[in-house]
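Thanks for sending this one over. Could you open the model and follow along while I go through a few spots?

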Amino acid sequence: MPLEASARIVSELTSRGYNAEREAVTQLSSADDPHAALERVMEAVSDDTLVVRTEHVQAALAATGSDANSTAGGREPSPGHDADDPSVSTGTSAPNPAATDGATPVETGGSSDAGRSANPDLRSLEIIGDMTGESTGTGEYSDFVSVFRDRLERLGSKLRGRINHRPATAIQNMPGGGEVGMVGLVNDIRSTASGHWLVELEDATGTFPWLVMKDREYADLVGELLCDEVLAMEGTLADDSGIAFVDSMYFPDIPRTHEPSTADRHVQAALISDVHVGSQEFMHDAWNRFTDWLHTKQAQHVEYLLIAGDMVEGVGIYPNQDEELDIIDIYEQYEVFNEYLKQVPGDIEIVMIPGNHDAVRLAEPQPGFNEDLRTIMSAHDPRIVSNPSTVTLEGVSVLMYHGVSLDEVIAELPEEKASYEEPHKAMYQLLKKRHVAPQFGGHTRLAPEEQDYLIMEDVPDIFHTGHVHKLGFGKYHNVLAINSGCWQSQTDFQKSVNIDPDAGYAPIVDLDTLDVTVQKFS
Ligand code: D5M
Ligand code: FE
Ligand code: ZN
């Protein structure tokens with residue numbers, strides 16, 4: 001009964017426009033007459049209430065004297081729990097005895113679902129790099145100059161200490177035959193008639209060509225290069241000083257010694273993306289199962305939900321997309337998305353960034369949603385930030401980026417280094433380049449700003465992307481890379497190009513260990 005009763009309460013609350021804390025739902029479903037209790041709470045809460053909280057339920061139950069045990073705070077003491085701590089769960093029995101997780105619940109014979117373990121005081125959530133409202137770009141040539149100068153300066157500083165480097169113009173004037181080094185942006189990559197590679201690097205003073213011989217160990221790395229990424233090269237100048245032969249190549253990269261931070265307690269985050277509400281292929285059944293699961297004991301440690309873009313299907317994103325739309329009005333898509341968000345327990349913190357299907361500018365960095373859309377999506381009070389942004393959860397930094405550049409990395413790099421089947425490997429490449437979307441002028445549209453918001457200045461503990469609709473995760477130099485799948489079944493376009501999406505999965509990360517488990521809802 002608990003899960004079913006809770007699910008009924010949740011759907012009753014959402015149909016009336018309310019979101020609810022897990023514990024509030026637990027208490028309602030445990031009442032002698034849940035329906036009557038719900039009605040009393042509805043009468044008691046004020047019109048502008050968005051989230052029905054435990055206090056509301058306790059106050060309503062206490063006010064009617066239905067709760068014989070009520071204490072001054074209207075709280076019902078529960079065996080085995082600290083009744084003075086309002087955050088400690090009073091929901092005690094697991095709905096499914098098979099679904100225990102080690103923390104044996106106290107069996108009271110009463111009913112509950114989630115049995116919230118969260119103490120909101122233990123939570124911390126900080127946002128870094130949200131550029132919403134900070135956009136200064138005008139699209140003028142000077143902005144392009146500034147953004148690339150900033151990129152070269154900041155990523156270059158990660159390389160300059162590692163080699164003895166010179167500016168491009170100084171290298172041209174050095175005597176032939178000497179050892180030389182340079183830090184620059186990749187300006188051009190060409191193969192020569194004899195099968196060697198010519199990589200042109202650019203810095204603030206000019207450009208210089210570097211020749212990678214096909215039989216050298218570094219030849220393999222040329223296949224990983226993308227235009228406009230920052231790297232360093234060392235080599236030997238030709239006799240006429242017009243070119244240098246590469247001996248070593250360096251990427252900004254994640255230090256191998258990187259030790260990720262972890263949370264001080266057992267707490268989890270669900271990482272998802274690509275919900276695509278409004279598409280005929282949006283999998284509402286899987287979503288409902290996911291949000292029902294979040295209300296269960298098994299999910300009691302899930303206190304954060306991160307959504308990495310493509311909340312809705314949008315309109316006019318691809319040719320003929322309208323033929324597969326279930327909801328044709330973009331605002332209505334967000335309104336319905338908001339209804340689905342309400343099903344998420346009200347005591348889970350939600351952070352979201354936009355993706356290429358969302359109603360914000362397409363060029364990256366994408367600012368967070370505007371006021372109108374924030375108002376539409378306000379029921380669960382999510383934190384809405386730019387794409388990309390970094391959110392630090394109890395010390396664990398998560399770089400969230402929608403992932404449009406992954407298409408490009410996968411298209412340009414050899415299969416074994418990046419593929420749709422192993423999207424996390426494409427993410428490794430971005431980590432190595434310390435930039436979420438290095439290449440300018442390709443598939444990924446970039447908006448020039450005074451500073452380059454797409455740089456990974458600090459090493460994240462977790463890198464979370466979506467977009468390619470494939471689930472994959474792994475570690476690169478101890479950074480956990482997760483691409484989170486989607487909630488949309490295969491579209492006609494995906495069928496035509498043989499993309500088989502991983503739909504209806506939720507990867508769950510233990511923030512205390514960075515271990516991942518995948519929950520399947522499809
Ligand atoms: O992207 C979902 C994935 O499918 C991503 O890898 C791009 C690709 N995709 C989907 N539709 C198209 C069209 N029409 N052209 C090119 N690539 C496409 P999403 O952002 O959800 O559309
Ligand atoms: Fe998507
Ligand atoms: Zn996308």
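1. Ground rules. This is a predicted model, in which local features need pLDDT of at least 70 and side-chain atom pairs count only at pLDDT 80 or more, while totals for chains, interfaces and linings use all residues. Residues are numbered from 1 along each chain as its sequence is written, chains are lettered from A and ligands numbered from 1 in written order, and side-chain values use heavy atoms, with hydrogens and water left out.

2. Strand β18. Strands here are DSSP runs of E with at least two residues, and helices are runs of H or I with at least four, numbered from the N terminus.

3. Its partners. Strand β9 (residues 268–272) pairs with β18 in the antiparallel sense over three bridges, and A270 stands opposite I508. Pairing requires at least two DSSP bridges between two strands. Strand β19 (residues 516–520) is also antiparallel to β18, joined by five bridges, with K520 as the bridge partner of Y505. Five residues separate β18 and β19 in a hairpin, and L514 in that turn has a positive phi of about 65°.

4. The largest nonpolar core. Which residues have the most contacts inside it? They are F290, I307, F337, M352 and W487, in a core of 38 residues. A nonpolar core is a set of buried Ala, Val, Leu, Ile, Met, Phe, Trp, Tyr and Cys residues joined through side-chain atoms within 4.5 Å. Elements that each supply at least two residues include β9, α8 (284–294), β10 (302–308) and β18. A second, separate core has 26 residues, among them L413, L430, L431 and V436.

5. M352 up close. Leaving aside residues up to four places away in sequence, M352 touches I307, F337, L341 and M400, among others; contact means heavy atoms within 4.5 Å.

6. Helix α11 (residues 404–412) has seven of its nine residues buried, so it is largely enclosed by the rest of the structure. Its buried residues include D407 and E408, and the cover includes α12 (423–433), β15 (462–465) and β17 (479–484). Helix α2 (residues 22–30) is likewise largely enclosed, because eight of its nine residues are buried; R22, E23 and Q27 are among them.

Technical notes: Buried means under 20% relative accessible area, exposed over 50%, partly exposed in between (1.4 Å probe, protein chains only).
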